[in-house]
There are 2 protein chains.
Amino acid sequence: MFGWKINFPNLCVRITQSYFVMNEKGNYCYEYPRPALTTDCVIFGFDGVEIKILLIERGTDPFKGKWALPGGFVNMDEDTEACARRELFEETGIKDLFIEQLYTFSDVNRDPRGRVVSVSYYALVKIADYEIQAGDDASKAKWFSMSDVPSLAFDHDRILRVAFQRLKSKIRYQPVGFELLNEQFTMRELQSLYEAILEVQLDRRNFYKKIMKMEILIPTQEKEANTPHRAGRYYRFDREKYQELSNKGFNFEL
Amino acid sequence: MFGWKINFPNLCVRITQSYFVMNEKGNYCYEYPRPALTTDCVIFGFDGVEIKILLIERGTDPFKGKWALPGGFVNMDEDTEACARRELFEETGIKDLFIEQLYTFSDVNRDPRGRVVSVSYYALVKIADYEIQAGDDASKAKWFSMSDVPSLAFDHDRILRVAFQRLKSKIRYQPVGFELLNEQFTMRELQSLYEAILEVQLDRRNFYKKIMKMEILIPTQEKEANTPHRAGRYYRFDREKYQELSNKGFNFEL
DNA sequence: ATTCAATGTGTAAAAAATACGCAAAGATGT
DNA sequence: ACATCTTTGCGTATTTTTTACACATTGAAT
C-alpha cells in the first residue's frame, strides 16, 4: 500500500490523508518533515562466567571506527521488530532468537546526521551457537564483557545501560535466563548466570531447591564431560510446562 | 540543524549522510521513504472508586466520531516525550504530570492513512485537577471507566490494554500510585486505589502497617470533612524521603 | 585410591505475610 | 446526650517464605 516505486515525476500518491510526492530524482516527498526511523539491538550472551554483548565496528562515518550496537533503518514493509531481526541477521548472522522491545530513543540530537529516532531492542542468545559466525564475516562483530565495553557511537552507551538494567529486573520474574544458556545446562551454569546478572552470591542448595520446586526443569540423563570431579547433570527448561503453570497463575520469581 | 525552511526548489540540504530536498511545493523529500511518527497517550485517573481513562472523540477521518487516545505527530524540534506532553496539553489542557514511555507500536497497517509508527506513553493524573477543563473546551475529551471503554480508533484498544497491564505491574514495586491521588489523601483512599488497580481485596490493618513501616508517608493534622463518621487523617507522600531511602537500596513493594 | 566439586536431603532460626481481635476516636444526625 | 458508623492504631497468633548451614553420597579424572 505504501512505497511503490512510481516513475512519473511529482506524481502524488494519495493514501487517505497521508501522501508522498515522488520528484524527478526519485525522492520521497512529504508535506511535513519526518524523522528517520532506525532500530538498534543490544545482544546479550553468557560465556559461563560473564555477561557479554555483541558490538559492531562502524565502517563509515559518522563514528567510523567506533563500536556500536547492530542496527539500521526501518523498511516500509516491516515493523520495528522485523527490522531489528533483519539487521541482526545481516550484520551478525544471528537469527531465531529471543528479542524484546526495550525503549525508543528520540533525543533531537542523538544522531549527527539529523533527526533519527531509534526503537531499541534487546536480544538474548546462546553464545556458543554464534561465537564463530560473529567473528568471521566482513562486518567486524565482537563480543565484549560488560565490564570491558568501550565508549560507543551515538547514544549507544545509554541504550546499553538501559538494556542491562532491564535484563537485571526482567530475569527475576520471567524465565528469560534460559535463552542465554544452551538447550541443556547444569545447575551450576544456571546459578552462575543468575549470579552474573544480579551481581549477588547465592547459596547453591537453596537455589537448587527453589528452582526445582517450580517444576519447570526437566532433568536429562546426560552429564558434563571432562570434569576433574563428579559431572553435573544436564537439565532443560520445560517451556510447555511453564506456559501451563503460567496460565494457572504461577509466577516465576527468583 | 534539521528542518530549516529553505525556499529554493530542489535544493539539497546535506547533513552528513542524511538529507532532504525541498521541491517546488515546499515538500520535504528524502532518498528513502519514511514512516510518519506520532505519539499517543493513555491517561489514567482515579475517582476514589474506579480507574478511569481520558479519551478524545475524533473530529476528522479516519475514524471520525470514534473515541481515541490523545496524540499527534512528532515535530522535528521535540523528542517523543515532549511531543506527548504537548499533545496532551493541546487536547486536554493537562500539563505537569507523571508520564512514562510505554511501547512503540509499528505494525505496518496500524493506520489507514499509511505507515505511521506511534510511540505511546502512559500518564497518571490527579483527576480532580482536570475534571473541569477536560470537558469544557472545543475538543471532546471525556473520562471513561476502565470497565466501560468503547471500542477505540486505530490500534488504541491494544495500546490501552498494554498500558493497564503496565500500570498494574508498575504500581506494585514503584510508588506511582500517589500520582493518581491528591497531594493529600487518606489511608482508605490509598488502599482503594491499590484494590482498584490490582483487583484484589486487602486487609485494612495489614495495609496500614505495611505502608507505615516504609516511612514514606507524612501524616498531616488535617482530616476529612463531611463524613458521617470519624474523619480519616490526611497523609502526603514524602518524595524526598523516598528518594533518600531508594538510594540506600530500599525497594518499595506492595 | 585420592581428589574435588556436584548431588540431594534435612533442619533450625529468622523474617515476612496473613488473619483477626479490640478499644478508642470522633464526625454526624436525631 | 446518645446512637451510629467508620477510622485509628496497636496487639498477637499462625502460617509461609527466606536464609544459613550440616552432612552423607556420587562419580569423573588423575
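## Strand pairing in chain A

Phe185(A) stands opposite Tyr235(A), a residue of strand 13 of chain A. Strand 11 of chain A pairs with strand 13 of chain A, residues 233-237, in the antiparallel sense over two bridges. Two strands are taken to pair if DSSP finds at least two bridges between them. Helices (H or I, at least four residues) and strands (E, at least two) are DSSP runs, numbered from the N terminus.

In chain A, three strands form an open, antiparallel sheet in the order 11-13-12. Strand 11 (185-186) and strand 12 (217-223) of chain A stand at the edges with a single partner strand each, so one side of each has no neighbour in the sheet.

## Basis of the description

This is a predicted model, in which local features need pLDDT of at least 70 and side-chain atom pairs count only at pLDDT 80 or more, while totals for chains, interfaces and linings use all residues. Residues are numbered from 1 along each chain as its sequence is written, chains are lettered from A and ligands numbered from 1 in the order in which they are written, and side-chain values use heavy atoms, with hydrogens and water left out.

## The surface near DNA strand D

DNA strand D is surrounded by 22 residues, of which the closest are Arg205(A), Thr227(A), Arg230(A), Arg204(B) and Arg233(B). Of the atoms of DNA strand D that come within 4 Å of the protein, sugar and phosphate account for 46%. A residue is near a molecule or strand if one of its heavy atoms lies within 4 Å of it. By class, the surface near DNA strand D holds 11 charged, six polar and five nonpolar residues. Here Ala, Val, Leu, Ile, Met, Phe, Trp, Tyr, Cys and Pro count as nonpolar, Asp, Glu, Lys and Arg as charged, and the others, Gly among them, as polar.

At least two residues of this surface come from each of helix 5 (204-213) of chain A and helix 4 (187-198), helix 5 (204-213) and strand 13 (233-237) of chain B. Helix 5 of chain B gives the largest share, four residues. Polar contacts are pairs of N or O atoms within 3.5 Å; within protein, one must be able to donate a hydrogen and the other to accept it, and residues adjacent in sequence count only if both atoms are side-chain atoms. An N or O atom in the side chain of Lys209(B) is 2.8 Å from a base oxygen of DNA strand D.

## Helix 4 of chain A

Helix 4 of chain A, residues 187-198, has 12 residues and reaches 16 Å from its first C-alpha to its last, close to the 16 Å expected at 1.5 Å a residue. The expected span is 1.5 Å times one less than the number of residues. The helix is mostly covered, with 10 of its 12 residues buried; among them are Met187(A), Leu190(A), Tyr194(A) and Leu198(A). Buried means under 20% relative accessible area, exposed over 50%, and partly exposed in between (1.4 Å probe, protein chains only). Just after this helix, Glu199(A) takes a positive phi of about 55°.

## The loop between strands 5 and 6

In chain A, the peptide bond from Asp61(A) to Pro62(A) is cis, with omega near -5°. Pro62(A) lies in the loop between strand 5 (51-57) and strand 6 (67-68) of chain A. Phe63(A) also has its place in the loop between strand 5 and strand 6. Its phi is near 65°, a positive value in a residue other than glycine, and Phe63(A) is partly exposed at a relative accessible area of 28%.

In chain B, a cis peptide bond joins Asp61(B) and Pro62(B), with omega about -5°. Pro62(B) is found in the loop between strand 5 (51-57) and strand 6 (67-68) of chain B. Phe63(B) lies in the loop between strand 5 and strand 6 of chain B; Phe63(B) has a positive phi of about 65° although it is not a glycine.

## Aromatic pairs

Rings of Phe, Tyr and Trp (its six-membered ring) pair if their centres lie within 6.5 Å; planes under 30 degrees apart count as stacked, over 60 as edge-to-face and the rest as tilted. The count comes to 21 aromatic pairs over all chains. Tyr242(A) and Phe250(A) form an edge-to-face pair, 6.3 Å centre to centre with 80° between the planes. Tyr242(A) is buried, with a relative accessible area of 11%, whereas Phe250(A) counts as partly exposed at 23%.

The rings of Phe178(B) and Phe185(B) have centres 5.6 Å apart and planes at 35°, so this pair is tilted. Both Phe178(B) and Phe185(B) are buried. In chain A, ring pairs link Phe178(A), Phe185(A), Phe237(A), Tyr242(A) and Phe250(A) into a cluster.
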